[in-house]
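Welcome! Please take a look at the sequence and the 3D view below, and keep both at hand while you read this briefing.

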Amino acid sequence: MSFASLGLCATILEALQAEGYTTPTPIQEQAIPAVLARRDVMAAAQTGTGKTAGFTLPMLEILKDGERAKPNEARVLILTPTRELAAQVGESVETYAKGLKLSSAVVFGGVKINPQMMKLRRGVDILVATPGRLLDLYQQNAVRFPKLEILVLDEADRMLDMGFIHDIKRIIKALPPKRQNLLFSATFSDEIRDLAKGLVNDPVEISVSPRNTTAERVEQVIYPVLKADKPNMLMALLRQLDLPQVLVFSRTKHGANRLVKQLDKGGFLATAIHGNKSQGARTKALHEFKTGKVQILVATDIAARGLDIDQLPFVVNYDLPQVAEDYVHRIGRTGRAGASGNAISLVEGDEVKLLKAVERLIKQEIPQQYLEGFTKVDLSKAKPAPKPARGGQQRGGRAQGSGRPGGSGGARSGNRSQGGRS
Ligand code: AMP
């Protein structure tokens, strides 16, 4: 299957060629004809499947022949949960639309609204937005949608997780009833199906990546570890792996900041990206990581969503996420668009419950490895974490029943070669 056979014009094909795309991904094979046939689409697809091009390419094909947007109007509205994803979708639109006379704009919160109002003044063919800022702009009459042709909800599940449901409903009310709707979501929970009911009309349903295909193409491993050893074990692994770029996930913003300081002391160049950072600081952190100025990007789950970093060979879960689905999103940052990737998780005794939830979700037991020089922790003997004291912290001082000193032959025998993983 080629892009040309999907019915895209020469200008778009040239842009794809310039990007080095030779064949459509499975989601693109299915979504492009459906969108071109002006059907509503409901697609279960995660980041990394090529979903952005899946909706952007046919959308450009449709827009290129129509009448340009009028002042303060938009012809396509793409809603995304985070500023980072909005910025990345906006970049993809610009890349694929090179050579077409279409205008686009990206608007999100956390930055001044005035420049965004200016951008909308002349009207834009494609508007990429986060829900809150879009509503602000709408309320200030900076944008109207009388001629909206297509609405895209990207990462709809995450928008609901982030509490955007009311904003989305208010936005939908501002749109003309006759329009094409494209709904993309990593998972199709009951909430998403509820939302879809009031949104899509006789949709083409596409599912290219059942939840666990990501898990299948990423090589995963767990290093059981004492809580107190985590920073040192991470640094030992980073030294062994000697990678140019590693994305490290932290469950909390404070944990991310603390880890960056520890990595810094250990001689690593690291930076954090999370919701407490200003938009400028987040953009800067991402830029430094992408350009190789820093080696390690420590991110929280929400901040990491939608980060478009190509072909990351490794991700590290410094701690496991509270929600098992986030594990799949996290490891989806590696092994993108067909390439294989590696995910390492440092798991302490307190996290066994989270680990079990992940393994149930991905329907796999993740293999364990041990690292020489660190206390061997036996997760099967770990007691469930106690309920945290009210307002207090959960301290990880308990020895997780690891007991056995590392020096015994037994410790070694369980020790598959470290470091030599591909
Ligand atoms: P997405 O799932 O939209 O976040 O896209 C994942 C990555 O795959 C992006 O970095 C795209 O540039 C890349 N990509 C999308 N479509 C293709 C394709 N047909 N061939 C190669 N790479 C692609």
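A residue counts as buried at under 20% relative accessible area, as exposed at over 50%, and as partly exposed in between, using a 1.4 Å probe and protein chains only. Helices (H or I, at least four residues) and strands (E, at least two) are DSSP runs, numbered from the N terminus. This is a predicted model, where local features need pLDDT of at least 70 and side-chain atom pairs count only at pLDDT 80 or more, while totals for chains, interfaces and linings use all residues. Residues are numbered from 1 along each chain as its sequence is written, and side-chain values use heavy atoms, with hydrogens and water left out.

- Let's begin with strand β9 (246-249). V246 and V248 point one way from β9, L247 and F249 point the other way, and all are buried.
- β9 belongs to an open sheet of 6 strands with parallel pairing, in the order β8-β13-β12-β9-β11-β10. The edge strands, each pairing on one side only, are β8 (218-224) and β10 (270-273).
- On average, neighbouring strands of this sheet are turned by 20° against each other, direction ignored. Angles here run from 0 to 180 degrees between N-to-C directions, and axes are lines fitted to C-alpha atoms, for helices over the stretch in contact.
- Two strands pair if DSSP finds at least two bridges between them. β9 runs parallel to β11, with 4 bridges joining them, and L247 has L297 as its bridge partner in β11.
- β9 also pairs in the parallel sense with strand β12 (residues 314-317), over 4 bridges. There, F249 stands opposite N317.
- Strand β11 (residues 296-299) is joined to β10 by 4 bridges, and the two run parallel. A272 has V298 in β11 as its bridge partner.
- Helix α13 (residues 279-290) packs on this sheet and touches β9, β10 and β11; the direction of α13 makes about 140° with that of β10. Contact means heavy atoms within 4.5 Å.

**The sheet of 7 strands**

- An open sheet of 7 strands, with parallel pairing, has the order β3-β4-β2-β5-β6-β1-β7. Its edge strands are β3 (104-107) and β7 (204-207), and each pairs on one side only.
- In this sheet, neighbouring strands are turned by 15° against each other on average, direction ignored.
- Strand β2 (residues 74-79) pairs with strand β5 (residues 150-153) in the parallel sense over 4 bridges. Within that pairing, L79 stands opposite L153.
- Helix α9 (residues 190-197) packs on the sheet, touching β1 (41-44), β5, β6 (180-185) and β7. Its direction makes about 175° with that of β6.

**K230 and E348**

- Which residues does K230 touch, not counting those up to four places away in sequence? They are V225, Y318, D319, L346, E348 and E351.
- K230 lies in helix α11 (residues 230-241) and counts as buried because its relative accessible area is 3%.
- K230 and D319 are 89 residues apart in sequence, and their C-alpha atoms are 9.0 Å apart in space.
- The side chain of K230 reaches the backbone oxygen of Y318 at 2.8 Å.
- E348 sits in the loop between β13 (341-347) and α16 (352-362), and is buried because its relative accessible area is 5%.
- The side chains of E348 and K230 are joined by a polar contact of 3.4 Å. A polar contact is a pair of N or O atoms within 3.5 Å; within protein, one must be able to donate a hydrogen and the other to accept it, and residues adjacent in sequence count only if both atoms are side-chain atoms.

**G54 in its helix**

- Is G54 buried or exposed? With 0% relative accessibility, G54 is buried.
- G54 is part of helix α3 (residues 51-63). Leaving aside neighbours within four places in sequence, G54 is in contact with Q28, A31 and I32.
- G54 and I27 are 27 residues apart along the chain, with 6.2 Å between their C-alpha atoms.
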